[in-house]
Amino acid sequence: MIAKTAGRTAVVTGGASGIGRAIAERLAADGHRVAVLDLNPSGAAGYKADVTDRAQIDAALAEVRQDLGPVTILVNAAGRDGFKRFTKLSFEEWQRVVDVNLHGTFHCIQAALPDMLEAGWGRIVNISSSSTHSGQPFMAHYVAAKSGVNGLTKALALEFGPKGITVNAIPPSFIDTPMLRSAAERGLLGGTVEDHIERTPVRRVGLPEDIAAACSFFTSEEAGYVTGQILGVNGGRNT
Ligand code: NAP
């Protein structure tokens, strides 16, 4: 019988909003000490950092270690979308989206790994996107960056499996968050939220809590034999 996960120190990037916030709340309910790393965090467990800036991440993680102990759970949920016709996409716009979604994930994992290696135990969960399965017009930079996140997940799972560290990804689809609502308001979804519900096999919009539930599993003690997996949480939209 595998023991239930003892309280660990978890860092959730992008934890001030949407999916990241629900994950932070869920991991706290699971009994972990949770630190939120975000551009504009609020509350005692918030640590301000831009995930594209390694010095800010290192400084924030040093504070987290001091306050809450070594970081052995990391969830990379910070992300930024982007919508632009490819022929009009500037390299700067491409780079910004790749920086936040892919390079941010690289930095946070590399910064947190020493604690996991020292502990001989770790859980890393990367929030990618279902667009890596389906493709998405006008989001070439975003789809490319999130596909990189899936690839990084698979490579690191093999590299760090022998060290007791699992690395998995959740590519969400159509989750009701400020990011989704903002895209809907700007007419960028290819239909209204209601239109999309009609196209979703389970006939509802996804909730941040749906992603948090999958994340709770991946970060649990029981999931120690599950690594390198890309678990779609998408209401059946990308089966
Ligand atoms: P959200 O509500 O906009 O939350 C994203 C959070 O990340 C915000 O708090 C944001 O801060 C923060 N953030 C952005 N850039 C950052 C940076 N450079 N450093 C630190 N924090 C940063 O979006 P969400 O929908 O919950 O998205 C969470 C993750 O799921 C993202 O990676 C997104 O790409 C992915 N995703 C979402 C959906 C969906 O349907 N919602 C679908 C596929 C993938 P500010 O608000 O201050 O900018």
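## Ligand surroundings

The ligand is surrounded by 27 residues, and the closest are Ser 17, Ile 19, Tyr 142, Ile 175 and Thr 177. The model is predicted: local features need pLDDT of at least 70, side-chain atom pairs count only at pLDDT 80 or more, and totals for chains, interfaces and linings use all residues. Residues are numbered from 1 along each chain as its sequence is written, and side-chain values use heavy atoms, with hydrogens and water left out.

## Polar contacts and cover

For Ser 17 the distance is 2.6 Å. For Thr 177 it is 2.5 Å. An N or O atom in the side chain of Lys 146 lies 2.8 Å from a ligand oxygen.

On its own, the ligand has 890 Å² of accessible area, and the protein covers 90% of that. Accessible areas come from the Shrake-Rupley method with a 1.4 Å probe.

## Aromatic rings

There is one aromatic pair. Phe 217 and Phe 218 form it, tilted, at 6.0 Å centre to centre with 40 degrees between the planes. Rings of Phe, Tyr and Trp (its six-membered ring) pair if their centres lie within 6.5 Å; planes under 30 degrees apart are stacked, over 60 edge-to-face, and the rest tilted.

Phe 218 is buried, at 2% relative accessibility. Phe 217 is partly exposed, at 39%. Buried means under 20% relative accessible area, exposed over 50%, and partly exposed in between (1.4 Å probe, protein chains only).

Technical notes. Near = heavy atom within 4 Å. Polar contact = N/O pair within 3.5 Å; in protein donor to acceptor, adjacent residues only side chain to side chain.
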